[in-house]
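Have the model open in your viewer.

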Amino acid sequence: MNDVYLSLGTNLGDREQHLKAAIDLLKQKEGIFIKTISPIYETAPVGYVDQPSFLNIVVYAQTTMTPFELLKACQSVENELGRVRTIRWGPRTIDLDILLYNNDNIESENLIIPHPRMFERAFVLVPLMDVAKKPFTEKLMQAESALKNMNLEQEGIR
Ligand SMILES: Nc1nc2nc(S)n(CCO)c2c(=O)[nH]1
């Protein structure tokens, strides 16, 4: 079994209903076992600020899926809930991001884990603290050093 943390966000339509529907769709996926769901946080938009406020949660789950299978499962939940990618950072019915997958570092064209922007996002870190299986600081330090190593490798320093 693999420990994973997912960030969910929505700022269009019936936002609470979108979160509930996304959780239900994840539960229906074979090989995903939802363990803990954070409280719902209402958050000001980060990045593209001219849009409605978001509802954000973080989910701790266990999975038999590979990271890429999990990415596909998250993308299928987004599509099933009618996610239309109009403005890149614009409003969306639902957004699912993979934050952490065990203590793995993954760096590919369409998947980077730990999520590269998670450390600058309070709307991720605060609900992550609510559900992180290990003491949050330990989990955060592990993920942050992994990201630093990846960046060092990227810059050819190592
Ligand atoms: N508060 C907040 N701001 C955001 N900006 C983007 S893009 N997103 C989508 C997640 O990448 C969010 C979000 O979920 N919450």
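**Stop 1: the aromatic pair**

This is a predicted model. Searching the whole of it turns up one aromatic pair. Select Tyr5 and Tyr60: their ring centres are 5.1 Å apart and their planes meet at 25°, so the pair is stacked. The cut-off for stacking is planes under 30 degrees apart.

Now colour by secondary structure. Tyr5 belongs to strand 1 and Tyr60 to strand 4, so the pair ties together parts that are 55 residues apart in sequence.

Is Tyr5 buried or exposed? Tyr5 has 1% relative accessibility, so it counts as buried. Tyr60 is buried too, with a relative accessible area of 5%.

**Stop 2: the largest pocket**

The largest pocket has a volume of about 850 Å³. Which of its 34 lining residues are closest to the centre? Select Trp89, Asp95, Asp97, His115 and Arg117.

Colour the lining by residue class. You get 14 nonpolar, nine polar and 11 charged residues.

**Stop 3: the ligand**

Start with Val46: one of its backbone N or O atoms lies 2.8 Å from a nitrogen atom of the ligand. Move to Asp95, where a side-chain N or O atom is 3.4 Å from an oxygen atom of the ligand. Finish with Asp97, where the corresponding distance from a side-chain N or O atom to a ligand oxygen atom is 3.3 Å.

**Stop 4: Arg92**

Arg92 sits in the loop between helix 2 and strand 5. What is its relative accessible area? The value is 8%, so Arg92 is buried.

**Stop 5: the cavity**

Rolling a probe the size of a water molecule over the atoms shows where empty space is left. Here, the search of the whole structure finds one cavity of 30 Å³ or more. The volume of the largest cavity is about 50 Å³.

Select the lining: Leu100, Asn102, Asn103, Asp104, Asn105, Pro114, Lys139, Gln142, Ala143 and Ala146. Which element gives the most to this lining? Helix 4 (residues 136-154) does, with four residues. By class, the cavity lining holds four nonpolar, four polar and two charged residues.

**Stop 6**

Most residues other than glycine have a negative phi, and most peptide bonds are trans.

Select Asn102 and read its phi: the value is positive, near 50°, in a residue other than glycine. Asn102 lies in the loop between strand 5 and strand 6 (106-108). With a relative accessible area of 22%, Asn102 is partly exposed.

Now select Ile113 and Pro114. The peptide bond joining them is cis, with omega about 5°. Pro114 is in the loop between strand 7 and helix 3 (122-131).

Note on methods
Residues numbered from 1 in each chain as written. Predicted model: local features only at pLDDT ≥ 70, side-chain atom pairs only at ≥ 80, totals over all residues. Heavy atoms only, no water. 1 Å grid on protein atoms, 1.4 Å probe; cavity = no way out; pocket = protein on both sides within 12 Å on 5 of 7 lines; lining within 4 Å. Points joined across faces, edges and corners; volume = space filled by probe spheres on them. Nonpolar A, V, L, I, M, F, W, Y, C, P; charged D, E, K, R; others polar. Phe/Tyr/Trp six-rings, centres within 6.5 Å; stacked < 30°, edge-to-face > 60°. Helix = DSSP H or I, 4+ residues; strand = E, 2+ residues; numbered from the N terminus. Buried < 20%, exposed > 50% of the residue type's maximum accessible area, 1.4 Å probe, protein only. Polar contact = N/O pair within 3.5 Å; in protein donor to acceptor, adjacent residues only side chain to side chain.
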